[in-house]
Amino acid sequence: MSDDDTPSGTEAADRKRTVTTAGRDEADSARRCAGLFRREGRQREVKGRTAWTRGRVTGVCALLVALVLLFPSVVPNAVWNLGSLVENFLPWLGVTIAPLLALAVLRRSAIALLALLTAVVVWAVQYGPSLLPHDSAASQHDLTVVQHNASDENANPSDTARTISAAGPDLIALEELTEPALSAYEDAFTTRYPHHAVVGTVGLWSRYPLVDTVAADIKPKTVEGDWSRGLRATVRIAPRRDIAVYVAHLPSVRIRPANGFDTRWRDESAALLGEHIAADTTGTVILMGDLNGTPRDRGLTPLTSQLLSPDEAFEFSWPTAFPVARIDQVLGRGATVTDLWTLPATGSDHLPLAAHIKLTH
């Protein structure tokens, strides 16, 4: 073979580069095809899904929150009394908005964000005003009252009495009174509140004369033993001006595995108290007490349908360590509660609740 028939080193290198380049081109082409197939697959998966169609489940949940905030009665009581349970903690539904917002942002869902905006607006309209600064001392009122479940385990009733007296109330309603604690309250209140009445475990102290006091029977039929938790007193606030004042402690509620949110005794007691108030012919009626429920709770309808309750406020009274609900109430007929605020903690598991009342009758 001649030298001309033998490939030179340059020619061999060129052929090698040509083969290598061809291989790379084929590999690049294969990768592009694979990428195209993947993109086409993804496009098929999300075909028809946009920011207005993604996150529909999150959006529905947000609208449900708004619906329950506006109309809590849509939650039925037929199953475990869930309706009443939700109504007692209704403001806390706002807590669900934060995780729903995170899901909406993660899903980049416009429809979910719009639904969440609706829920935020509803919550803000209902509960936002309660968060605004308000000077309760500047409001016009005729009476200042304090309602407090003082607790039958209160180890220092004298300190409790001082905390209550510091608010300068005209009327004081106490529940869960025991014999030893009663003596301490009588001693502490005797100078400023010379008029008082006690029935069973509830009591009323007043700067004004008490014309008469009677027991208000609110005992459920199936409750056994000595059980007296209601009183009615006529308070003479002026020579020709009497008002009726009720002090009541409704039965406790429980969450039980078999019954869910068990409010049977409380609801029965509320109905009995409602009958007393409906039969009362006094123009002005004030109810103070531990009602073991918020004004939103449908189980208290026999009372809230007759007596005005203040707007929803974040003056939660129970439990002391981390208050989550206002189950202590001041309600009125012919009287408007203009302000509510809680007092410093005492030896009770409830915070004292103070209120200004404007007499309208």
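Biologist: How do the residues lining the largest pocket divide into nonpolar, polar and charged?

Modeller: This is a predicted model. In it, the lining of the largest pocket has 10 nonpolar, seven polar and four charged residues.

Biologist: How much space lies in that largest pocket?

Modeller: About 510 Å³. The lining counts 21 residues, and Ser130, His134, Ala313, Thr338 and Leu340 are the closest to the pocket's centre.

Biologist: Which elements give two or more residues to that lining?

Modeller: Helix 5 (110-131) and strand 12 (335-342) do.

Biologist: And which gives the most?

Modeller: Strand 12, with six residues.

Biologist: Let's switch to helices. At what angle do helix 2 and helix 5 pack?

Modeller: About 20°. Their axes are 8 Å apart, and helix 2 covers residues 56-70.

Biologist: Are those two roughly parallel or roughly antiparallel?

Modeller: Angles under 35 degrees count as roughly parallel, so helix 2 and helix 5 are roughly parallel to each other.

Biologist: Is their crossing left-handed or right-handed?

Modeller: Left-handed.

Biologist: Which residues make the contact?

Modeller: From helix 2, they include Ala62, Leu63, Ala66 and Leu69. From helix 5, they include Ala115, Ala119, Val122 and Trp123.

Biologist: How many nonpolar, polar and charged residues are in that contact?

Modeller: It has 13 nonpolar and four polar residues, and no charged ones.

Biologist: Now helix 6 and helix 7. How do their axes cross?

Modeller: At roughly 40°, coming within 9 Å. Helix 6 spans residues 157-165 and helix 7 spans residues 179-189.

Biologist: So are they roughly parallel or oblique?

Modeller: Oblique to each other, because of that crossing angle.

Biologist: Left-handed or right-handed?

Modeller: Helix 6 passes helix 7 in a right-handed crossing.

Biologist: Who makes that contact?

Modeller: On helix 6 it is Pro157, Ser158, Thr160, Ala161, Ile164 and Ser165. On helix 7 it is Ala181, Ala184, Tyr185, Ala188 and Phe189.

Biologist: What classes are they, for helix 6 with helix 7?

Modeller: Eight nonpolar, three polar and no charged residues.

Definitions and conventions:
Residues numbered from 1 in each chain as written. Predicted model: local features only at pLDDT ≥ 70, side-chain atom pairs only at ≥ 80, totals over all residues. Heavy atoms only, no water. Axes fitted to C-alpha atoms, helices over the stretch in contact; angles between N-to-C directions. Helix = DSSP H or I, 4+ residues; strand = E, 2+ residues; numbered from the N terminus. Parallel < 35°, antiparallel > 145°, perpendicular 65-115°, else oblique. Left-handed = near helix turned anticlockwise from the far one by under 90°. Contact = heavy atoms within 4.5 Å. Nonpolar A, V, L, I, M, F, W, Y, C, P; charged D, E, K, R; others polar. 1 Å grid on protein atoms, 1.4 Å probe; cavity = no way out; pocket = protein on both sides within 12 Å on 5 of 7 lines; lining within 4 Å. Points joined across faces, edges and corners; volume = space filled by probe spheres on them.
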